Amino acid sequence: MFRFLRLAPAASILTFALLAAGGCRTPGSEEQPSGSTSTSTSGEGGSGAAGGGGGDGGGGGKAPPEQLKVLNWNTQNFFDDVNNSSAPNETVVSTATYQAQRAAVGAVLRQLDPDVVILQEVENLEILAALNETELGGAYAHQALIEGNDTRGINIGALSKVPFDDVVSNRDDSFVQSGTNGPSYRFARDAVELHLTHGGRHVVLIGVHFISKSSASNDDKRLAEAQHTRGIADEITTADPTAAIAILGDYNDLPESPSVKAIEGSGSSAYQDTAMLVPSVDRWSYDYQGQLELVDHQIVNPVLRSMLVEGSPQILHSATAEEASDHAPIMATYSLSAP
């Protein structure tokens with residue numbers, strides 16, 4: 001299956017989109033997808049979008065290693081104060097509440113200064129644009145958000161200092177749990193592929209937010225979501241064995257759970273959870289009724305694991321982070337080089 005399209009370098013502000021149509025997308029359309037990858041476009045339409053191309057900077061020699069700090073964080077109901085979503089159960093918060101949360105999220109991102117940010121529970125692209133402009137000094141020229149399947153409008157969004165080569169939604173995928181004939185599922189939100197080039201390396205960050213533990217019946221769907229996501233990653237590896245891949249976000253499950261193990265896999269192709277390298281005292285991302293749990297993960301394939309800067313994984317616990325969300329952000333740094 002053709003999953004992604006490498007684009008030629010383009011301006012940092014996106015002026016076109018790729019629209020999903022029967023599994024392929026076509027550049028150049030006035031109609032935009034639900035969400036986009038720039039500060040200037042947003043709207044309704046298909047299930048994919050693309051940003052300006054990356055590249056290793058050209059030249060005759062191999063690009064030197066470049067560090068990339070990657071952060072993922074569930075920002076808990078990051079809604080704005082305007083009724084501007086297509087979600088049927090959208091929440092509109094007060095202006096004071098929105099601005100306070102935006103300021104708290106911005107303070108954490110300024111402190112950690114990641115290069116790429118993958119956020120869960122963001123309502124729309126406008127929030128990301130305002131966050132970048134108002135709180136982050138315009139440091140993140142590239143933003144992406146495609147509206148997913150959640151009826152409340154909590155979506156997976158991204159901010160990046162590095163241009164996106166492609167952004168691919170899998171919200172319309174239909175799948176079953178491995179070894180069964182059904183039921184058939186779709187992602188509760190989405191699994192969003194963010195393709196970029198850094199240090200001459202093709203990097204793919206797959207942002208996820210699996211279904212919650214609100215009912216026992218969700219366990220089967222969450223496992224199916226994880227299995228299908230790992231399948232997406234494996235297809236990318238088949239197409240490009242040198243791709244550095246991370247599957248990151250809110251898994252709503254613990255390190256030893258079937259869904260996390262489905263992402264990790266086994267053998268020579270096993271992925272590793274960088275959050276498990278955080279010192280044990282800080283190795284948690286969610287306080288569930290006084291029980292500290294690691295439910296957010298940044299799980300990487302062997303290619304990206306080999307480029308992990310040792311000692312870099314961290315989970316931030318601070319008053320400001322708690323003001324912004326009931327989850328803690330996870331960040332790790334990678335030293336990327338060309339194949």
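Me: Where is the place of N77?
Reply: This is a predicted model, and in it N77 sits in strand β4.

Me: What's up with its phi?
Reply: N77 is not a glycine, yet it has a positive phi of about 55°. Q76 also has a positive phi, near 50°, and is a residue other than glycine. Q76 is in strand β4 as well.

Me: Is N77 buried, exposed or partly exposed?
Reply: N77 counts as partly exposed because its relative accessible area is 29%, and buried would need under 20%. Q76 is partly exposed too, at 29% relative accessibility.

Me: Ok, zooming out. How many helices and strands does the chain have?
Reply: There are six helices and 17 strands. The chain runs to 339 residues, and 56% of them count as buried.

Me: What about contacts, how many join residues at least 24 apart?
Reply: If you take contacts between residues at least 6 apart in sequence, 70% of them join residues at least 24 apart.

Me: Helices next. At what angle do α1 and α2 pack?
Reply: Helix α1 covers residues 95–112 and helix α2 covers 125–135, and they pack at about 65° with their axes 10 Å apart.

Me: Is that crossing left-handed or right-handed?
Reply: The crossing of α1 and α2 is right-handed.

Me: Which residues make the contact?
Reply: From α1 you have Y98, R102, A103, V105, G106, L109 and R110, while α2 brings I127, A130, L131, T134 and E135. Sorted by type, the residues of this contact are seven nonpolar, two polar and three charged.

Me: Why is α2 called largely enclosed?
Reply: Because eight of its eleven residues are buried, α2 is largely enclosed by the rest of the structure. The buried ones are L125, I127, L128, A129, A130, L131, N132 and E135.

Me: What covers them?
Reply: The cover for the buried residues of α2 includes β4, α1, β5, β6 (142–145) and β7 (155–160).

Me: How many residues are in the largest nonpolar core?
Reply: That core has 28 residues, and W73, L109 and L159 have the most contacts inside it. The elements giving two or more residues to this core are β4 (66–78), α1, β5 (116–122), α2 and α6 (319–324). Of these, α1 gives the most, with six residues.

Me: So what does L159 touch?
Reply: Leaving out residues up to four places away in sequence, L159 touches L109, D115, V116, V117, L128, L131, N132, L136, Y140, H142 and Q143.

Me: What's in the second core?
Reply: The second, separate core has 27 residues, including L248, L304, M307 and A332.

Me: New spot: where does T333 lie?
Reply: T333 is in strand β17, which spans residues 330–336.

Me: Is T333 buried or exposed?
Reply: T333 is buried, because its relative accessible area is 10%, and the cut-off for buried is under 20%.

Me: And what is T333 in contact with?
Reply: Setting aside neighbours within four places in sequence, T333 is in contact with Q67, L68, K69, M307, L308, V309 and S312.

Me: Last one. Which peptide bond is cis?
Reply: The bond from G182 to P183 is cis, with omega near 5°. P183 lies in the loop between β8 (164–168) and β9 (191–198).

Notes
Residues numbered from 1 in each chain as written. Predicted model: local features only at pLDDT ≥ 70, side-chain atom pairs only at ≥ 80, totals over all residues. Heavy atoms only, no water. Axes fitted to C-alpha atoms, helices over the stretch in contact; angles between N-to-C directions. Helix = DSSP H or I, 4+ residues; strand = E, 2+ residues; numbered from the N terminus. Left-handed = near helix turned anticlockwise from the far one by under 90°. Contact = heavy atoms within 4.5 Å. Nonpolar A, V, L, I, M, F, W, Y, C, P; charged D, E, K, R; others polar. Core = buried A, V, L, I, M, F, W, Y, C linked by side-chain atoms within 4.5 Å. Buried < 20%, exposed > 50% of the residue type's maximum accessible area, 1.4 Å probe, protein only.
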